Number of protein chains: 4
Amino acid sequence: MLRVGIVGASGYSGAELMRLLAAREDVVLEAVTANASAGQPVKALYPALAGIVDLEFRPFDPATFPPVDVAFVALPSGQGMAVMPALLERAAKVIDLGGDFRLKDPALYEQFYRHPHTAPSLLPRAVYGLPELNGAAIRAATLVANPGCYPTSAILGLLPALAAGIVKPEGIVISSVSGISGAGRSASVEMSFAELNENVRAYKVGVHQHVPEIESVLRDGTGAPVTVSFVPHLVPITRGIHTTISAAWTAPVTADELREVYQTFYAAAPFVRVTESFPQIQSVVRTNFCDLHATVDRRVNRVVILSVIDNLVKGAAGQAVQNMNLMCGLPETTGLR
Amino acid sequence: MLRVGIVGASGYSGAELMRLLAAREDVVLEAVTANASAGQPVKALYPALAGIVDLEFRPFDPATFPPVDVAFVALPSGQGMAVMPALLERAAKVIDLGGDFRLKDPALYEQFYRHPHTAPSLLPRAVYGLPELNGAAIRAATLVANPGCYPTSAILGLLPALAAGIVKPEGIVISSVSGISGAGRSASVEMSFAELNENVRAYKVGVHQHVPEIESVLRDGTGAPVTVSFVPHLVPITRGIHTTISAAWTAPVTADELREVYQTFYAAAPFVRVTESFPQIQSVVRTNFCDLHATVDRRVNRVVILSVIDNLVKGAAGQAVQNMNLMCGLPETTGLR
Amino acid sequence: MLRVGIVGASGYSGAELMRLLAAREDVVLEAVTANASAGQPVKALYPALAGIVDLEFRPFDPATFPPVDVAFVALPSGQGMAVMPALLERAAKVIDLGGDFRLKDPALYEQFYRHPHTAPSLLPRAVYGLPELNGAAIRAATLVANPGCYPTSAILGLLPALAAGIVKPEGIVISSVSGISGAGRSASVEMSFAELNENVRAYKVGVHQHVPEIESVLRDGTGAPVTVSFVPHLVPITRGIHTTISAAWTAPVTADELREVYQTFYAAAPFVRVTESFPQIQSVVRTNFCDLHATVDRRVNRVVILSVIDNLVKGAAGQAVQNMNLMCGLPETTGLR
Amino acid sequence: MLRVGIVGASGYSGAELMRLLAAREDVVLEAVTANASAGQPVKALYPALAGIVDLEFRPFDPATFPPVDVAFVALPSGQGMAVMPALLERAAKVIDLGGDFRLKDPALYEQFYRHPHTAPSLLPRAVYGLPELNGAAIRAATLVANPGCYPTSAILGLLPALAAGIVKPEGIVISSVSGISGAGRSASVEMSFAELNENVRAYKVGVHQHVPEIESVLRDGTGAPVTVSFVPHLVPITRGIHTTISAAWTAPVTADELREVYQTFYAAAPFVRVTESFPQIQSVVRTNFCDLHATVDRRVNRVVILSVIDNLVKGAAGQAVQNMNLMCGLPETTGLR
């Protein structure tokens with residue numbers, strides 16, 4: 001029986017973690033913390049979890065946080081690194097769903113997150129938790145940096161083509177649209193229904209904190225510098241990311257050849273499906289799948305890759321559980337199908 | 001008093017035309033045709049127009065179509081060219097909202113529309129009805145090809161930067177998301193609510209019939225060959241297009257410099273607003289505005305242009321009315337503000 | 001030229017008022033106030049109004065508020081009565097879109113609004129601004145209490161049947177669903193997109209402040225006590241109210257007879273359409289129409305009335321403009337079609 | 001290992017059944033039939049099921065339908081009774097998700113379904129499959145009529161109050177709103193996105209085929225005649241039903257007393273949650289829960305009951321699986337939590 005805890009459980013990623021973990025018979029949820037909601041039962045914030053998670057949120061205090069096999073941290077970026085040193089003393093393994101341990105370079109972190117990194121000594125220990133890329137390292141890790149939602153969709157989409165040398169690593173253009181849950185659970189006019197419904201808008205054009213994550217993971221994964229221009233957009237759906245990637249090809253290629261490259265690359269990946277038609281968000285919502293399709297725009301010598309995930313599952317909580325499975329020696333798909 | 005008629009009035013563009021024209025006191029709507037709905041009152045299909053448009057749809061028959069000052073054709077591509085020769089004998093001026101007269105080259109038409117052009121002799125007479133580009137020619141025209149919805153957003157976004165030599169004309173990447181009304185009023189599982197809601201998917205990647213329209217209009221407008229890679233997507237909203245354009249810059253430029261270029265270019269255009277923040281679909285829904293914003297992704301030497309319109313207004317019926325105003329010597333904004 | 005001002009213009013009703021008034025050539029908008037947004041241009045909050053309303057929000061100060069022919073008050077209930085005495089000295093006529101002057105009985109007000117009424121001496125002067133009921137009184141009024149959104153839909157639906165004695169005035173059951181804009185523009189988790197999308201929930205069951213408004217207006221309008229059980233719900237649309245009313249019939253009646261009663265009752269009302277099929281919200285969005293249909297559930301001796309409006313137009317700003325037209329001796333439909 | 005088959009598997013209820021059954025290790029899915037889609041792989045219609053259900057739809061032919069322990073019939077009403085006699089020879093137990101076996105009286109069936117019943121001899125054998133009401137009979141049944149979606153929400157809401165004599169059985173008013181998937185998977189303009197989005201409309205007022213189902217099940221369950229006036233509405237969500245019930249009380253009662261009655265009534269029901277606050281659809285989507293809340297509108301001597309389910313789960317496929325569990329002697333919740 002795995003004892004687990006969630007630090008920062010009151011947001012959407014935390015709630016999704018609770019949902020996934022509560023369904024398992026090999027896991028016991030020891031504690032869920034949330035400072036602002038401390039003292040409230042989980043079901044007060046998430047009526048969907050009534051009868052499923054019968055815990056109260058408590059404040060995070062390392063002195064009283066129960067010793068666990070695995071702790072998940074679902075805090076906003078900046079807060080994760082603050083609790084991490086203490087948490088690593090209470091938890092055998094930690095999976096951070098925030099952005100604090102995804103970049104190896106503290107200067108790059110500061111440039112994009114706009115505050116200094118306060119726990120740089122932990123960075124070398126953190127393994128980037130994309131199982132399709134880093135499975136072996138994750139199995140051995142005690143601190144995993146769970147990937148960002150956009151990077152998950154973009155990196156899974158680009159890895160096969162870059163690894164095979166099919167597309168040029170510079171000048172890649174990525175346009176993503178995300179469901180609103182990706183922006184977190186918060187009180188603001190900007191996130192209110194009437195402002196987002198029947199609307200689409202871009203944000204953080206070129207400066208999103210996921211840009212250096214995409215570039216550095218792809219560089220480390222393929223051995224060559226990668227540059228991307230990334231534009232995220234909000235669309236009026238609750239869950240899901242659709243990422244459209246455009247890259248110049250290095251030599252003519254066909255859609256059939258691409259499909260074969262992608263199918264071979266992900267032949268052993270239980271959560272990546274290379275689809276025959278263009279993928280759609282609806283197919284992956286509430287699942288840990290990433291559906292992928294690569295095709296060509298032959299008139300202009302480019303490859304177009306389409307990638308969809310559920311931002312709260314493969315883009316957050318589901319991937320975190322997948323990482324927990326690997327770190328604990330369980331079958332990768334446990335509790336995720 | 002302008003006498004007008006609409007051929008193919010039962011679709012969403014036709015309904016929007018009826019709404020815009022019925023509100024005018026200087027226009028009388030003489031006839032609305034729709035073969036499949038012939039004999040039904042307009043309000044049976046569009047209860048919103050009850051008490052506003054008290055006409056019945058009738059079949060299109062050139063022999064009985066009333067002589068009008070302006071006829072609008074809102075038929076699917078392929079059907080517009082079939083009725084056009086006869087219609088031009090009944091109507092002093094015609095505005096075609098379909099795609100049949102937008103491309104000057106019948107071979108290009110056949111390649112992308114997948115059927116031969118049957119009225120090529122009319123092509124030289126047709127003026128591409130983008131008022132911000134072709135105002136003078138539109139004023140003199142008797143046959144106007146109203147632009148496509150995606151091209152309107154893309155061309156308005158690219159014109160200033162291309163004309164000023166700020167971006168390279170090759171390798172431009174365009175990603176658009178469109179509301180569902182853009183796909184027309186039709187009975188299919190694919191267009192049903194449950195299939196499209198909480199969903200996003202790309203379609204016609206690289207082969208959309210709007211690709212040659214974008215390229216040829218930009219080439220004619222700027223004097224240099226332009227190539228674009230275009231990916232359209234459907235998002236679960238009823239109206240609106242958001243277009244994100246990424247182009248390599250020819251030399252470093254700042255966001256401020258871009259804004260000035262765009263503001264100057266559109267200083268006299270009543271329906272283009274160069275916005276200070278990123279534009280959003282909600283701001284232009286049910287209006288004839290195109291909201292535009294150009295910025296830079298300086299890390300990767302690219303310009304990013306964001307453009308939004310209502311696909312049924314500036315992307316169809318509103319622009320058609322704007323063209324009618326110009327063709328008839330009326331103030332450009334009549335009935336559109 | 002009518003000089004008008006809006007007090008509390010930064011909410012959705014205020015924005016809709018600005019949109020409607022800015023389109024008119026016989027109206028000049030002298031001032032828009034909003035304490036929290038004072039100093040900001042209107043377009044900063046509402047980019048849709050860029051180029052249309054070129055004003056800044058200013059704080060409300062009776063000493064500097066310009067003398068106007070008509071002032072609209074779009075403040076939350078409780079705040080309207082606070083500014084009213086001073087405002088009536090600056091404005092020849094005032095239309096209050098809030099709830100402070102709709103109930104004649106201050107005790108009833110306190111019971112449902114949960115704070116005391118602070119300007120009871122103004123209550124006798126206020127005319128309930130439902131033009132279809134009180135046209136003559138509105139024409140003569142200097143203070144109009146614009147109806148609530150739910151009451152507009154419910155009262156217009158019930159008036160003909162109650163006036164004709166077709167349904168019993170007790171035990172009426174009203175179930176309404178409302179778009180989210182009805183809840184106002186505010187920052188709260190509860191009103192955030194992810195909480196409301198793909199969701200429906202009831203609120204304020206039996207205790208909504210619109211209950212006494214519906215009952216007392218119907219009593220005054222028909223001369224007999226009326227009791228209703230009212231349940232409002234939120235549904236994930238931006239605009240619109242659909243109200244379903246169930247009332248026991250006093251004697252058997254047919255759907256045809258009902259239609260005739262309703263058509264006769266509203267024969268002279270330019271904004272009420274008695275529809276042949278069941279009405280739908282889409283038909284009235286962004287219009288000042290109320291679409292109505294009455295039918296029978298003969299198995300159980302009941303009449304069922306369906307009524308739809310746009311909560312921001314006929315349910316707020318549009319009806320306020322309709323009232324302004326009447327108060328100023330203009331045609332009732334000016335600027336509303 | 002249970003061998004199961006699905007007749008009419010290509011609709012939304014069929015797809016949900018496949019999703020639920022494919023996740024179970026104690027069930028093997030032997031066949032899925034769908035005449036119109038015969039020959040197509042399941043994933044062609046439902047990409048979400050790629051890698052999960054690797055079957056092809058085949059035409060239904062009793063001669064080749066494999067012998068199964070349990071067959072589910074998810075055909076439109078009218079078609080289920082046509083296949084039932086033959087199917088009962090191939091399947092040990094059958095669960096019909098359509099409406100053909102829910103009413104015991106063929107004349108009543110014909111009145112509301114508008115075609116004659118063709119298998120009346122099977123009606124006595126059919127058990128109404130609402131586990132919270134008929135658990136014992138379901139355990140012994142070989143033919144179960146799975147309840148309709150609206151009736152599930154309405155009957156579960158009314159049973160405790162009627163059984164306790166708290167509300168009068170006549171003149172009950174029920175207003176429900178349903179997600180669009182309840183209307184099935186079909187190609188029609190009426191069901192297209194642009195017609196349903198940002199819209200609400202009632203349909204089949206007073207004549208819906210679920211009316212006699214609600215009345216007869218409640219009569220059989222409580223021993224007294226029950227009459228209801230039922231108005232269903234479509235709202236723009238994919239899944240979920242919210243039912244609001246208004247009934248006159250027989251004697252004054254408090255919300256607290258109601259809660260206790262409801263909690264006691266459903267103490268042993270694993271899928272009914274009596275909620276402390278008003279229930280919402282979001283809490284039950286993709287679950288087999290019915291969330292219920294009863295309160296009072298004391299001013300008018302009425303009880304108001306709010307009930308939510310997922311129309312495809314507790315309202316169709318989930319409840320069918322719950323019935324299968326009971327019929328096969330399995331724990332009621334297997335595969336449903």
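## About the model

This is a predicted model, in which local features need pLDDT of at least 70 and side-chain atom pairs count only at pLDDT 80 or more, while totals for chains, interfaces and linings use all residues. Residues are numbered from 1 along each chain as its sequence is written, and chains are lettered from A and ligands numbered from 1 in the order in which they are written.

## The sheet of chain B

Helices (H or I, at least four residues) and strands (E, at least two) are DSSP runs, numbered from the N terminus, and two strands pair if DSSP finds at least two bridges between them.

## A residue in a loop

Arg125(B) is found in the loop between α4 (106-113) and β6 of chain B. With 15 other C-beta atoms within 10 Å, Arg125(B) is partly exposed, a class between buried (20 or more such atoms) and exposed (12 or fewer), the C-beta atoms being placed from the backbone. Arg125(B) and Gly39(B) are 86 residues apart in sequence, and 34 Å apart in space from C-alpha to C-alpha.

## Where chains A and B meet

Contact here means that the C-beta atoms of two residues, placed from the backbone, lie within 7 Å, and 36 residues of chain A are in contact with 36 residues of chain B. Among the elements that give two or more residues to the side of chain A that touches chain B are β8 (172-178), β10 (228-234) and β11 (241-248) of chain A.

Chain A can be laid on chain B with an RMSD of 0.0 Å by a turn of 180 degrees and a shift of 0.0 Å along the axis, which is the relation of a two-fold axis. The copies are superposed by least squares on the C-alpha atoms of residues with pLDDT of at least 70 in both. Because 100% of the interface residues of chain A are also interface residues in chain B, the copies meet through the same surface.
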